[in-house]
Amino acid sequence: MLWPDNHLYEFGPFVLDGRSRILLREGVTVRLTPKAFETLLVLVQHGVQVVDKEQLLKEVWPDTFVEEGSLSRNIHELRKALGDDTSQPSFIETIPKRGYRFLAPLKVSLAEVQAGSVVGAETTVIEKHTYARVVSEEFEGSDLPAEVEPLPSQALLTTARKISARTVKITLVVSAVLSLLLVGSIKGVLYLKRRGMSPPPVSQARNTLLRLTNNNALDEAPAWSPDGSRIAFASNRDGKTEIYVMKADGSDVKRLTNNLSDDYGPKWSPDGRKILFDSERDGNSEVYVMDADGGNPTRLTRNNATDSATSWSPDGSQIAFASNDNTGFYNFDIYLMNADGSNVRRIVADREYDAEPRWSPDGKKILFVSGRNGNFDIYEANIDGTDQRNLTADYDKNDGAPAWSPDGNNIAFVRTIQGKEQIFVMNADGTNLKRVTNNSSNNGRPAWSPDGSKLVFQTDRDGNFEISIMSVDGELAQLTDDPADDLDPDWSPDGSRIAFSSNRAGMHHIYVVNADGSSPTQITTANADDTEPAWSRDGKRIAFVRALEANREIYVVNVDGSSESRLTVDSGVDISPNWSPDGRIFFTSNREGRGEIYVMNADGGGVSRFTTTGAKSSVSSPDGSKVAFISMSLEHQSPVFVADPDGGNVRTITKEPLSAFWPCWSPDGASIAVAVDNLGVSNIFQIDLDGGNRKRLTAGPKIDTKPAISPDGTKLAFQSNRDGNYEIYVMKLR
């Protein structure tokens, strides 16, 4: 614990009183745990200097060995209490692979006690040092509304680029949502109005997500090849927006177009041999086609209008596209033409916006987006333009970017919810609406995999637009829902229950809940914090960690809460218990000066050291033939190692630098799931024992950690603060 600090630190609406050890917001006490308060005090004491993780751990826990996850939880608690935004922090900035820095300007004064109150003297001002990147975007249009709804799809950027009257330059912070930038260009948005309808209930599914691209550029408009082996997309990673292609796992990225203009919106031909795209290389947006390797680019449309948003017929003989040819800059209509650009004819005409055509798999119908009813909806029509029908008329929201499933039974599309684009799926007749993304990011341009099991789409959930994949039926369920923090999930051996720790009763205790989230039962009740439950292999007992004043020890209890006993008695800190198949317990301890892995019998006897070079978070493989652990031997890195059960034959399975923690085995012993920290964000990855086939299981700007794979290998349980406080989540793996 830090000694009292006789200073007042003022920043924003807050006053941190080092003497009384309280944080005030406009005179009202802000509730913080003692360790969260000490973390904040260390940060403000260092002003604008970066405080390394190791230094924070030493200053906040000077005589205690703890995991980095404890520090991450404290930072999360502080950001929550301060109302800070991780994407645009005002108070606490994460410094990648190092630590944290306090950003806000500080007014520091020496506290003096007068008549029972604390006042300040000797004021010193510490200026904030910030680094902001801004970008400029030019939008064209004759009138810009002061407040408009975002357009339904980023595909509408195509229509914005050549709409001319006058140019308005807008400067914005780089993390501002791209879809909001694309709105001001279209004059026709002014006609948007609310119809005051209450939409019927919408069922929701949260899904498995895998990020495919990872760079600072804008990666957008993904399209799956017919055989499912490749994905084409548009990116400005080389300056101008060009067409790229990569394998379906995100590897082997190749650039297909290379010119001084923008190319975007790739669409594969049904035979996979050609790619349609839009390009401005000849002065305005026109439709082009090229070979799948980027060769033989050929212009198909030739006029002064904006032609874009293309779609192949199932037999590859025709192309649908949108154009504002001779009808006014906003009045887009739907056209068809032969695959060589001949025989152009209009099939959908309306005075309002009609665009984004999508040919049905059977070739008989066209989906398109129209603004004719006061907001953007998804429409369906016969291939000759007859029998036009609104599929999303019952919802007073803007919809766009429709995509047929390969069997023609479902339609994925994008809906704007509270200013953010989210992906929905519905039956082809507009019924059975399901929401498949639910986050504070923009998720757009969905495209189905050829087998209909996955959607590839663009998302800015990591700060800039990248390409991601999700399984349509890979539900992510929030298992617990409580204002308290629920942590440390661990599956029972039969997969029927999950143990976790929670402070819902005031202090952290061990709970057990059914795998569907029902019947949570508290099994420890001591006046102490109990965390890190670990099931025995026979499913009868749970080992856990109990905080005893400044120390932590390993305990064990029966699953019904009976026969609790203490296993370790040592001046060192003992944490992270894990059972081996032979009934022994591995754990981490600093009892000999630094963190190492130890092993003991189930009754606490026979303690021996397992590692000698600094390690933490060990876990025995399902068959007991190996032990995985996290090494602490490299500065700012925590690679994953595997060893034989006697501690020999140590080898690393992670080749690249990373900060990993909390490994867990797959039931077949072939891979390890692990939480990886990056820029203060933690996501879960799965890695084969040879270090290959690395898969990202969770994604997003939150802290996902403590992975636990179900005994049948079909589900992953983990803790996450994605909804504001830590809860237990379960997602399908296959």
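Predicted model: local features only at pLDDT ≥ 70, side-chain atom pairs only at ≥ 80, totals over all residues.
**The whole chain**

Five helices and 59 strands are present in the chain. Next, colour by relative accessibility: of the 734 residues, 56% are buried. Among contacts in the chain with a separation of 6 or more, 42% are between residues 24 or more positions apart.

**Helices H1 and H2**

Select residues 34-45, which form helix H1, together with residues 53-60, which form helix H2. Their axes come within 10 Å and cross at roughly 125°. Angles of 65 to 115 degrees count as roughly perpendicular and those over 145 as roughly antiparallel, and H1 and H2 are therefore oblique to each other. The crossing of the two helices is right-handed.

Now show side chains at the contact. From H1, display Lys35, Glu38, Thr39, Val42 and Leu43; from H2, display Leu56, Glu59 and Val60. By residue class, this contact of H1 with H2 comprises four nonpolar, one polar and three charged residues.

Select lysine 53 and aspartate 677, a salt-bridged pair whose closest N and O atoms are 2.9 Å apart. Lysine 53 belongs to helix H2 and aspartate 677 to strand E54 (residues 671-678), so this pair ties together parts that are 624 residues apart in sequence. Both aspartate 677 and lysine 53 are buried.

**A bridge between a loop and strand E42**

Select glutamate 564 and arginine 546. Here the salt bridge has its closest N and O atoms 2.7 Å apart. Glutamate 564 is in the loop between strand E43 (551-558) and strand E44 (565-566), while arginine 546 is in strand E42 (residues 541-548), so the bridge ties together parts that are 18 residues apart in sequence. With accessibility colouring on, compare the two partners. Glutamate 564 is partly exposed, at a relative accessible area of 35%, whereas arginine 546 is buried at 5% relative accessibility.

**Arginine 594 and glutamate 596**

Move on to arginine 594 and glutamate 596, which form a salt bridge with the closest N and O atoms 3.1 Å apart. Arginine 594 has a relative accessible area of 45% and is partly exposed; glutamate 596, at 2% relative accessibility, is buried.

**Two positive phi values**

The last stops concern the backbone. Centre on aspartate 387, where phi is near 55°, a positive value in a residue other than glycine. Aspartate 387 is in the loop between strand E28 (377-382) and strand E29 (389-390). With a relative accessible area of 52%, aspartate 387 is exposed.

Finally, centre on tryptophan 662. Although not a glycine, tryptophan 662 has a positive phi of about 55°. Is tryptophan 662 buried or exposed? At 11% relative accessibility, tryptophan 662 counts as buried, because buried means under 20% relative accessible area.

Technical notes
Residues numbered from 1 in each chain as written. Heavy atoms only, no water. Axes fitted to C-alpha atoms, helices over the stretch in contact; angles between N-to-C directions. Helix = DSSP H or I, 4+ residues; strand = E, 2+ residues; numbered from the N terminus. Parallel < 35°, antiparallel > 145°, perpendicular 65-115°, else oblique. Left-handed = near helix turned anticlockwise from the far one by under 90°. Contact = heavy atoms within 4.5 Å. Nonpolar A, V, L, I, M, F, W, Y, C, P; charged D, E, K, R; others polar. Salt bridge = Lys/Arg side-chain N within 4 Å of Asp/Glu carboxyl O. Buried < 20%, exposed > 50% of the residue type's maximum accessible area, 1.4 Å probe, protein only.
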